Amino acid sequence: MSNTFPAAPGQWHNRYLLMRHGHSLANQQGRIISSPEHGLTGYGLSSRGREQLDGLLADWCWATPSRILHSDFRRTTETAERIARHFSLRLEAETRLRERHFGAFEGEGDDRYAEVWARDALDPAHRHAGVEAVAEVAARMREVIDQLEQRHVGETLLLVSHGDPLQILLTALEGRELSRHRERPPLAPASITVL
């Protein structure tokens, strides 16, 4: 699955492929896994996620990445590893690409996301129940792009992250109010959005 993000000609020094990890065990179980304590070593790809990546790599229709940066959570690392093996690339873990931390909702059912997103729509700086503020997620994600733009020119960079952080980043890059990040269509597991 591909989404193309419109950018002004010449806006970027590099091409960016923003990828959500493949279907994970957390997705399969319908659980919120957002803390490093649980996400770094557990809840990797499901069998469905591995199949998604096999299909994606068999039908790869994007530029070949020259670098892969990924969240260090297990589900994103396993996603990135499969792509890195396919293209014979090194992996670079980047903690700023981690999942948005959902505080007290950690380990609960993913139906609780709706409660957080409703609060996001009212205040992108809220930290209700220890949730990482949308504004903070946007800042750390944008910082990754800004640093890559300073360090590299003419590369195709694959960034493997999570649904909420990528959706927030895309909202920020569009120049839209961060409170509106859920108005974008959700990013499917193993989908790629081109910047």
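Predicted model: local features only at pLDDT ≥ 70, side-chain atom pairs only at ≥ 80, totals over all residues.
Visitor: Why is Glu99 counted as buried?

Guide: Buried means under 20% relative accessible area. Glu99 has 9% relative accessibility, so it counts as buried. This residue lies in the loop between strand E4 and helix H5.

Visitor: Which residues does Glu99 touch?

Guide: Leaving aside residues up to four places away in sequence, Glu99 touches Ile33, Ser34, Ser71, Phe73, Arg75, Glu132, Arg140, His162, Asp164 and Pro165. One of these, Arg75, is also among the buried residues of helix H4.

Visitor: What makes H4 largely enclosed by the rest of the structure?

Guide: Of the 14 residues of H4, 10 are buried, and therefore the helix is largely enclosed. The buried residues include Thr76, Glu78, Arg82, Ile83 and Phe87. They pack against strand E2 (15-20), helix H3 (47-58), strand E3 (67-70), strand E4 (91-93) and strand E5 (156-161).

Visitor: How does the reach of H4 compare with the span expected at 1.5 Å a residue?

Guide: Helix H4, residues 74-87, reaches 20 Å from its first C-alpha to its last, which is close to the 20 Å expected. Ser88 follows H4 and has a positive phi, near 55°.

Visitor: Which residues touch the most other members of the largest nonpolar core?

Guide: Among the 22 residues of that core, they are Tyr16, Leu18, Ile145, Leu148, Leu159 and Leu195. E2, helix H6 (134-151), E5 and H7 each supply at least two residues of this core, and H6 gives the most, with 7 residues.

Visitor: What does Tyr16 touch?

Guide: Not counting residues up to four places away in sequence, Tyr16 touches Ile145, Leu148, Glu149, Leu157, Leu159, Thr193, Val194 and Leu195. A second, separate core of 18 residues includes Leu45, Leu57, Trp62 and Val160.

Visitor: What is the volume of the largest pocket, and which residues are closest to its centre?

Guide: The volume of the largest pocket is about 350 Å³. Of its 20 lining residues, Arg20, Asn27, Tyr113, Trp117 and Gly163 are the closest to the centre.

Visitor: Which helices each supply at least two residues of that lining?

Guide: They are helix H1 (25-29), helix H5 (113-122) and helix H7 (163-173). H7 gives the most to the lining, with 3 residues.

Visitor: How is the lining of the largest pocket divided by class?

Guide: The lining has 8 nonpolar, 5 polar and 7 charged residues. Gly counts as polar and Arg as charged, so Gly163 and Arg20 belong to those two classes respectively.

Terms used: Residues numbered from 1 in each chain as written. Heavy atoms only, no water. 1 Å grid on protein atoms, 1.4 Å probe; cavity = no way out; pocket = protein on both sides within 12 Å on 5 of 7 lines; lining within 4 Å. Points joined across faces, edges and corners; volume = space filled by probe spheres on them. Helix = DSSP H or I, 4+ residues; strand = E, 2+ residues; numbered from the N terminus. Expected span 1.5 Å × (residues − 1). Buried < 20%, exposed > 50% of the residue type's maximum accessible area, 1.4 Å probe, protein only. Contact = heavy atoms within 4.5 Å. Core = buried A, V, L, I, M, F, W, Y, C linked by side-chain atoms within 4.5 Å.
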